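This report goes through one structure a part at a time. Keep the sequence and the 3D view open while reading.

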Amino acid sequence: MSSVLEQAASIALWALTPVLIGLMLGLDRVITARLQGRKGPGLLQSLRDLFKLLSKKGSYVNSSQMAFAYLSLALYAIAAFVLITGSDVMTAFLLSGVGSFLMVMAALSVRSPYSHLGAHRELMQIMAVEPVVMLIVLSMGYVSGTFLGSSMDYVMFLSLPLAAAAMVPMLVIRLEKSPFDIATAHSEIVSGPYVEFSGRTLGITKLAHWFELAVMFGILLLLFDTADQALGLAIKTVVVLATVFIIAIIDCSTARLTRWSMLRFSLIFCLGAVALNLLVLYIIDLGVLG
Amino acid sequence: MKKENLARSPWLLHFDTGSCNGCDIEIWALLSPTYDLERFGMINKGNPKHADILLVTGPVSLKTAPRLRNLYDQMPEPKLVVACGDCASTGSPFIGCYNVRGGVDKVIPVDVYIPGCACRPEVLIDGAVMALQKWREKAEAMDREVKA
Amino acid sequence: MDESLIDLLVALLIIGPMVAGLGCFLIRRLPPIGKLVIAVAVVMIAAVLSLSYEVLSDGTIVRPSEDLSSFGVLITILDLALMLGFVYIAWMSKSPLTGVFAVIQIAVMAFIELNGVEEMGNAIYIDQLSVMMTFITSVIGSIICVYAVRYMKHYHGHGRFFAIMLLFLGAMNGAVFSTNLLWMFFFWEVTTLCSFLLIGHTGTERAKRSAITAAEYTLGGGAALILGIALCMQYFDTVFMDQLPIGTGIGGLALLPLALFSVAAFTKSAQIPFQKWLLDAMVAPTPVSALLHSATMVNLGIYLLLRLSPALHGTGTLLSVIGAIGALTFLIAAVLAITQGNAKRVLAYSTISNLGLIVACVGMDSSLALTAAMLLLLFHAISKALLFMSVGVVKEKIDSEDIDAMQGLRDSMPAVSAAMLIGVAMMVLPPFGMFASKWLLSEALTSFPLLALFLVLGFGATLVYYAKWLGLVFTGGTERRRFHDEGTHRIYLVTLMSIAIVGMAATAAIGLLLDELVNPFVSKIFDPALEMNDWVLATSIGIFPMLALIALGIVLVILVLLPRRMPPMMDVYACGERGNIKTGTFYYWSEDRVVKTTEMVNIGMSILLIALMFIPFLMEVTA
């Protein structure tokens, strides 16, 4: 059982999560800008965006849209809390799945063609990402014999290399980066599911998205836990930076693919990779036990 | 800190009300690496509900006038309008034409006028920075109004 | 409690509705039928609550068959009459398949009776599983019958309809109370008859065809069941389910009756490749769909598998194939549900999918999985009933079952939309029971990781079709354009609210359910793996904070419903245009592709089913 200090530390970490994710997204924008040969906005830019949005009054279309958006934020925040405090990872992931469901509901609550278009594309994203990440979490549970984040094995990425690798395309999809920026498709469908949000409500959806990214990155980083705290922190930082860099490179060098190719890629290659990893582990276990 | 953030994260909406696309090409050039508007934090959003600054080009034809008004109304406060190019600022050389209102300020209130046919990117950047200054003032005025 | 009081309760639950049904048949007019149905509902709910209390506090109730031998004879005679009735139906509907199955059943039954049946066992056996099933039937079934009183106003043949509905309730209770396989077989076939009559109730060509299709498939299952019973007599020397040995001791050809029982369960629960009858059955009036084809009758197949779980435990390959059939059904039905545009068909596929999930749980042969199966059974019945009833109310108002026509329902029928939201929330959102079951199932998968592939894909697909449908229902205009004309009849509101309350109470009381209902049943085979400590569901490998989520849910709902200062209201963005925007939904596959996929899938699953039947022979040869 963790001490009170550790509990307090993880709660503080959860409260700081939006800041950390904002910094990470800012870093991503700087790297993208430098790769494109321009100066770029600066590390704090995403945070400034968020604060600007939260301070504007904005507008809304109907109350169920607002209700679903706030509920989505609540569920994502709770999912991140469950994950960061080291509790059951599967619970955290399922809660974040519900959060994405509610966000789609919020997008569908308004009679706007762009919103509906974006919402259906978001559903395709959910169909592509959820099975893979759920299987990754299941593999983690299988390897460790428990789903409690604080009790899981260390350096699971050594036994789950394909799972760790499959997580990167999932992050590409969730970060809305080429080639899989399907739901929002930048300006082409006018921000997709977020089109009818404005000002404070847009800030809320952005914050919800950040907590979702926290859950996804949290699951990735759980694979890189080590016994030594300081070493673990260093490794995790390196992993985050490397992932952001790789995703930025992928983003700058590919064009957007269709949602069917995203679905095919995700469900055949990524899901297949994780399933293969799990199968190999299963066979090894059977072989050893005879 | 709030005002600073406002001024450092302005999002654009670009609307063409019937221009020859000359000014539009200059605006899009701003988003390219050579002029790099993103270092001011400006992103081109296609959605008035997300945007703070409305960049208008073209001499507001009669058909686009109500749409322009609608887009302006859908933008959340505090908002700014920048009229880019001669057509948008005054309507010239189409002043007096039967199908043209003649200048954006006939439809919506304008904050910054940028001259030129077509307006050059450097002048556009100047205008953008001026707009940010004006925006800060507007936000402070709004705050004072709320407190009063 | 007094023994005779228990006898009275059991009789009330089985025979009571049948007698009341006869009364309905004689009365014929709707208003007095309505009063009779409400009276029956009250009596049944009271009876089931008392019986449940008795079983949960004092343990299983048994009645040996020697005391009930006269009933045994009666049941045999009625069974024969029923089979002859089916032959008559086959002749009238010109369906040779029905006739063949009915004749097979008569022949096998004659064989069983002539060879003498060992009548030394418990005919009535009421344990926690029976209590759960009868709770679903009596409480939810009664509420659906009350709902039907108002719904059937625009149909004809009220006397016949309610007679058969109540007969069905009695037969369901009879089926879950009997351990004598022959008695259960009788009640099973009575439910088949009820299903046939109710589907064809409206008398249209399509209804008649769907009814005979249902009869064909489920009679085929009945034939498998009676063949299994005959083989059961041969290999295990008994017709009583509680006398079957534990599965680890069964090998070789003795697995054949179990395989036949599973096939019967698959037909009743409309697993693939038998799903056609359930999809066609959606032509029936909505109360029939709600009662028979989602909450109760299709659960009878699952009930049989759960009841046989001690006998199936440890049978290795057989159970694995059963689990695989369930998991594949879950995935395929979920994917097909995404392609449908008719709300009742979506719900039908959803039912098939969830039943497949429960079958997969049974096939995993572990403590957590069995616990998950029981919880899923309960919560699925409640939520499906609620969803079907809401669809019925909507159909009455807008005269259409299409999802597209339900767009914007939130503005015109807010109460019914709320009921739909609660129904879907019970399937998908925490902290409701289905969600807890989903978590539980995910934890169970760690012992069986290969099935996990199908199940995770299915879970993703489930979210998609519910979001599509619910999203369209909630597509609303701006706040200005809200109308408040509800006009939903009081009975509808009361029945919908009651089922929603039952669901929420079941979720809140999940700890109680675990301790009293689920774990005692699971303990017969395994050590219970799920417990509720301090309002946290805990297994050996994970936790699910129930109280925290329930409290959070309540807080969030209150916050949402509270009036608060809103930002200014704006119309939707349409590139500067104003006016009426039309939106619709998206149907990922064309009708052709759905048909082709269904054909391929049916062939594949039939091959799997044949493999299932070959396993006993395989085991015999390799043993």
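Eight of the 11 residues of helix 2 of chain A, which spans residues 45-55, are buried, so this helix is largely enclosed by the rest of the structure. The buried residues are Q45(A), S46(A), R48(A), D49(A), L50(A), F51(A), K52(A) and L53(A). The model is predicted.

**Contacts between chains**

Helix 2 of chain A also matters for the description of the contact between chain A and chain B. That contact takes 26 residues from chain A and 18 residues from chain B. On the side of chain A that touches chain B, the largest share comes from helix 2 of chain A, with six residues. Sorted by class, this side of chain A has seven nonpolar, 11 polar and eight charged residues.

Chain A is in contact with chain C as well: 55 residues of chain A meet 48 residues of chain C. On the side of chain C that touches chain A, at least two residues each come from helix 19 (433-444), helix 20 (452-473), strand 5 (543-544) and helix 23 (546-561) of chain C. Helix 20 of chain C gives the most to this side, 14 residues. By class, the side of chain C that touches chain A has 33 nonpolar, 10 polar and five charged residues.

The secondary structure of chain A consists of nine helices and zero strands. Along the sequence, the pattern of chain A reads α-α-α-α-α-α-α-α-α. Its radius of gyration is 19 Å, close to the 19 Å that the globule rule gives for 290 residues, so chain A is as compact as a globular protein of that length. In chain C there are 24 helices and five strands. A compact globule of 623 residues would have a radius of gyration near 25 Å, and the 24 Å of chain C agrees with that.

Of the 290 residues of chain A, 59% count as buried. In chain C, buried residues make up 59% of the 623 residues. Among contacts with a separation of 6 or more in chain A, 77% are between residues 24 or more positions apart. For chain C, residues 24 or more positions apart account for 83% of the contacts with a separation of 6 or more.

**A proline in a loop of chain A**

P193(A) lies in the loop between helix 6 (161-174) and helix 7 (200-222) of chain A. Is P193(A) buried or exposed? P193(A) has 27 C-beta neighbours inside 10 Å and therefore counts as buried. Leaving out residues up to four places away in sequence, P193(A) touches M103(A), V104(A), A107(A), S115(A), G118(A), A119(A), E122(A) and A183(A). V172(A) is 21 residues from P193(A) along the chain, and the C-alpha atoms of the two are separated by 18 Å.

**Strands of chain C**

Strand 1 (residues 61-64) of chain C pairs with strand 2 (residues 122-126) of chain C in the antiparallel sense, over four bridges. The bridge partner of P64(C) in strand 2 of chain C is N122(C). In a regular strand the side chains alternate between the two faces of the sheet.

Three strands of chain C form an open sheet in the order 3-4-5, with antiparallel pairing. Strand 3 (531-533) and strand 5 of chain C are the edge strands, each pairing on one side only. Strand 3 of chain C pairs with strand 4 (residues 536-538) of chain C over three bridges. E531(C) has A538(C) in strand 4 of chain C as its bridge partner.

**A helix pair in chain C**

Two packed helices are described by the angle between their axes and the distance between the axes. Helix 5 (residues 128-151) and helix 22 (residues 510-522) of chain C pack at an angle of about 135 degrees, and their axes are 8 Å apart. Helix 5 of chain C and helix 22 of chain C are therefore oblique to each other. Helix 5 of chain C makes the contact with Q128(C), L129(C), V131(C) and M132(C), and helix 22 of chain C with L517(C), P520(C) and F521(C). By class, this contact has six nonpolar, one polar and no charged residues.

Definitions and conventions:
Residues numbered from 1 in each chain as written. Chains lettered and ligands numbered in written order. Predicted model: local features only at pLDDT ≥ 70, side-chain atom pairs only at ≥ 80, totals over all residues. Buried ≥ 20, exposed ≤ 12 C-beta atoms within 10 Å, placed from the backbone. Contact = placed C-beta atoms within 7 Å. Nonpolar A, V, L, I, M, F, W, Y, C, P; charged D, E, K, R; others polar. Pairing = 2+ DSSP bridges. Rg over C-alpha atoms; globule rule 2.2 N^0.38 Å. Axes fitted to C-alpha atoms, helices over the stretch in contact; angles between N-to-C directions. Parallel < 35°, antiparallel > 145°, perpendicular 65-115°, else oblique.
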